[in-house]
Amino acid sequence: MRILVIGGGAREHAICRSLSLDPEVSAVHCAPGNAGTAEVATPHTVDALDGEAVAALAASDQVGADLVVIGPEAPLVAGVADAVRARGIPVFGPSAEAAMLEGSKAFAKDVMAGAGVPTARSYVCTTPEEADTALDAFGPPYVVKDDGLAAGKGVVVTDDIEQARAHARACGGAVVIEEFLDGPEVSLFAVTDGETVVPLQPAQDFKRAYDADEGPNTGGMGAYSPLPWADPKLVDEITTTVLEPTVAELRRRGTPFSGLLYAGLALTSRGVRVIEFNARFGDPETQAVLARLRTPLGGLLYAAATGALADFPELRWSDGAAVTVVVAAHGYPAKPRTGDVIEGLAEIERVDGPQAYVLHAGTRADEDGTVRSAGGRVLSVTATGADLTEARERAYAAVGRVRLAGSHHRTDIARRAAAEAAEG
């Protein structure tokens with residue numbers, strides 16, 4: 001099987017890496033990719049938002065894709081999956097209509113209402129006056145969300161009413177204001193063909209830029225899996241109360257969802273509540289989750305793309321743990337600096353591999369092979385171990401070998417969970 005992956009972040013590097021390890025996958029291609037994906041996939045240049053261009057690349061003699069995997073949300077909302085399907089090529093990723101589950105938070109709220117899925121009470125506001133009324137109704141902490149795509153950074157949670165109002169006005173257009181949800185957050189992915197829903201293992205990510213959840217929201221600064229503190233029945237509960245009803249509601253509406261359904265959840269004092277849906281693998285949770293998946297990834301994604309999940313074997317997972325730590329550029333998330341040389345990557349491969357490895361995100365390679373930063377989140381360092389403590393130790397040892405001027409990372413990814421697991 002020949003597979004084309006669309007995207008250029010650490011999520012796509014993780015997907016390409018897993019596909020390259022699948023014995024049924026004969027070739028992996030990635031467009032546009034980054035300096036790391038080039039090590040496990042053939043790179044190509046393409047406008048990822050141009051459906052016809054992506055479809056033409058997939059059908060070309062140099063690629064000849066049997067499956068196209070669309071990583072980021074923007075191409076999905078732009079209808080790239082529809083264009084590829086129109087060529088008769090199986091696609092892992094929802095249609096533009098179904099991808100609005102992520103493309104519009106107001107649409108997602110409407111779907112959840114129709115499906116009876118538990119979520120935060122909310123208002124969809126289109127004027128400053130409506131936003132002020134909603135903020136007054138809920139009180140602090142204030143939760144203000146851009147209705148559209150915002151690369152994981154369109155949400156502000158604050159006790160400062162003026163900051164909340166400013167974000168609501170800055171969003172422009174529609175904004176969703178909702179009640180604050182207490183309790184720990186969980187990310188759960190599910191692969192679906194529009195009928196059958198197959199949940200993966202849960203993960204937890206860290207959105208704030210700095211330790212102890214300080215600083216601004218980011219696209220994600222790290223993640224870990226599994227969650228030793230979670231109820232063993234949690235995945236089954238989320239599948240039956242959130243994932244399956246949502247897929248069924250979209251199917252009922254005539255917009256079946258096929259691909260990766262991501263539920264961001266809060267385990268509140270009143271039970272599980274949905275914070276948000278995404279229409280694709282999340283970053284950086286994907287890096288940790290795929291590190292533990294033992295079922296070959298290519299066959300799983302192909303089964304979802306071709307409506308064959310009902311007959312797919314039960315997923316297999318490693319018994320250990322995985323931790324991902326994001327190394328971010330100087331100035332991230334406000335004004336990340338790019339162009340800095342990255343060193344130490346070969347040392348990680350030589351000293352820490354295969355238990356720890358680097359997944360590239362915002363990187364590019366010069367003609368002489370020098371790797372440089374090219375984005376805000378530059379690298380994801382992922383490590384596995386018998387438990388979270390060992391996985392953390394390996395991840396941070398590898399992070400310590402990365403040399404990138406001005407970079408920063410959180411030092412507390414999975415710290416609390418590892419300590420609690422060790423104690424009990």
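## Exercises on a predicted model

A polar contact of 2.8 Å links the side chain of Glu 249 to that of Arg 253. This structure is a predicted model.

**Exercise 1. Work out which residues Thr 382 touches beyond four places in sequence, and which side chain makes a polar contact with its own.**

Solution. 
- Step 1: Thr 382 sits in strand E23, residues 377-385.
- Step 2: its relative accessible area is 0%. Buried means under 20%, so Thr 382 is buried.
- Step 3: the touching residues are Gln 287, Ala 291, Val 323, Thr 324, Gln 355, Ala 356, Tyr 357 and Leu 359.
- Step 4: the polar partner is Thr 324, side chain to side chain, at 2.8 Å.
- Step 5: Gly 222 is 160 residues from Thr 382 along the chain, yet their C-alpha atoms are 9.2 Å apart.

**Exercise 2. Characterise the second largest pocket: what is its volume, and which element gives the most to its lining?**

Solution. 
- Step 1: the volume is about 450 Å³.
- Step 2: 18 residues form the lining, and those closest to the centre are Arg 17, Glu 39, Glu 349, Tyr 357 and Val 358.
- Step 3: assign elements. Helix H1 (10-20), helix H12 (345-351) and strand E20 (356-360) each give two or more residues. E20 gives the most, with 5 residues.
- Step 4: sort by class. The lining has 11 nonpolar, 4 polar and 3 charged residues.
- Step 5: link back to Exercise 2. Tyr 357, among the residues closest to the pocket centre, is also touched by Thr 382.

**Exercise 3. Find the angle at which the axes of H13 and H14 cross.**

Solution. 
- Step 1: H13 spans residues 388-399 and H14 spans 415-423; their axes come within 8 Å and cross at roughly 145°.
- Step 2: H13 contributes Leu 388, Thr 389 and Arg 392, while H14 contributes Arg 415, Ala 417, Ala 418 and Ala 422.
- Step 3: this contact divides into 4 nonpolar, 1 polar and 2 charged residues.

**Exercise 4. Check the backbone: which peptide bond is cis with omega near 25°, and is Ala 414 buried or exposed?**

Solution. 
- Step 1: recall the background. Most peptide bonds are trans, and most residues other than glycine have a negative phi.
- Step 2: the bond from Asp 283 to Pro 284 is cis, with omega near 25°. Pro 284 lies in the loop between strand E17 (271-278) and helix H10 (285-292).
- Step 3: Tyr 332 and Pro 333 are also joined by a cis bond, with omega about 10°. Pro 333 is in the loop between strands E18 (321-328) and E19 (342-343).
- Step 4: turn to phi. Ala 212 has a positive phi of about 60°, and Ala 414 a positive phi near 65°.
- Step 5: Ala 212 is in the loop between strands E13 (208-210) and E14 (214-217). Ala 414 is in the loop between strand E24 (403-404) and H14.
- Step 6: apply accessibility. Ala 212 is exposed at 56%, whereas Ala 414 is buried at 1%.

Conventions:
Residues numbered from 1 in each chain as written. Predicted model: local features only at pLDDT ≥ 70, side-chain atom pairs only at ≥ 80, totals over all residues. Heavy atoms only, no water. Helix = DSSP H or I, 4+ residues; strand = E, 2+ residues; numbered from the N terminus. Buried < 20%, exposed > 50% of the residue type's maximum accessible area, 1.4 Å probe, protein only. Contact = heavy atoms within 4.5 Å. Polar contact = N/O pair within 3.5 Å; in protein donor to acceptor, adjacent residues only side chain to side chain. Axes fitted to C-alpha atoms, helices over the stretch in contact; angles between N-to-C directions. Nonpolar A, V, L, I, M, F, W, Y, C, P; charged D, E, K, R; others polar. 1 Å grid on protein atoms, 1.4 Å probe; cavity = no way out; pocket = protein on both sides within 12 Å on 5 of 7 lines; lining within 4 Å. Points joined across faces, edges and corners; volume = space filled by probe spheres on them.
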